[in-house]
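Have a look at the structure first.

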Amino acid sequence: MTHWFRAHWAEEDIWFYFEIDAEGWVSRQIELRGPDNVPIAAASLAEWQEAYSAGRTRRYEATYGTTADIPVQEWDGHDPQPLTSSDFETVWCRARGHLEAAASSA
């Protein structure tokens, strides 16, 4: 069963938003930095795998970042706050739009 949550890392002032699959792996991840919640990542594992197969990981990561590479059960020191699918999708769409606009103007 897919579930969504967010967690704040105070040291970097970053909100991490996660979509987690039934096995505990991150399928999509969003990172928002600072008091203005500026998007710095909005990555999809499935998209990254497609980019890898096509030899375009460098381009994908430059635009969208990456997802965590270990299952959520192995993380320490996070205080997850549950989200709805709708909550996650709202933030996902905003972050992707911001990152795509930034990449096209670079």
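Which helix is the place of glutamate 61? Glutamate 61 sits in helix α2 (helices are DSSP runs of H or I, at least four residues; strands are E runs of at least two; both are numbered from the N terminus). This is a predicted model, where local features need pLDDT of at least 70 and side-chain atom pairs count only at pLDDT 80 or more, while totals for chains, interfaces and linings use all residues. Residues are numbered from 1 along each chain as its sequence is written, and side-chain values use heavy atoms, with hydrogens and water left out.

Threonine 63 is in α2 too, which covers residues 57-64. Here are the two residues, with burial (buried is under 20% relative accessible area, exposed over 50%, partly exposed in between; 1.4 Å probe, protein chains only) and contacts (heavy atoms within 4.5 Å), not counting residues up to four places away in sequence.

| Residue | Relative accessible area | Touches |
|---|---|---|
| Glutamate 61 | 34%, partly exposed | Trp48 and Thr66 |

Now for the core. A nonpolar core here is a set of buried Ala, Val, Leu, Ile, Met, Phe, Trp, Tyr and Cys residues joined through side-chain atoms within 4.5 Å. The largest one has 16 residues, and Tyr17, Ile30, Leu32 and Phe88 touch the most other members. At least two residues each come from β2 (14-20), β3 (26-33), β4 (38-44), α2 and α3 (85-105), with α3 giving the most, five.
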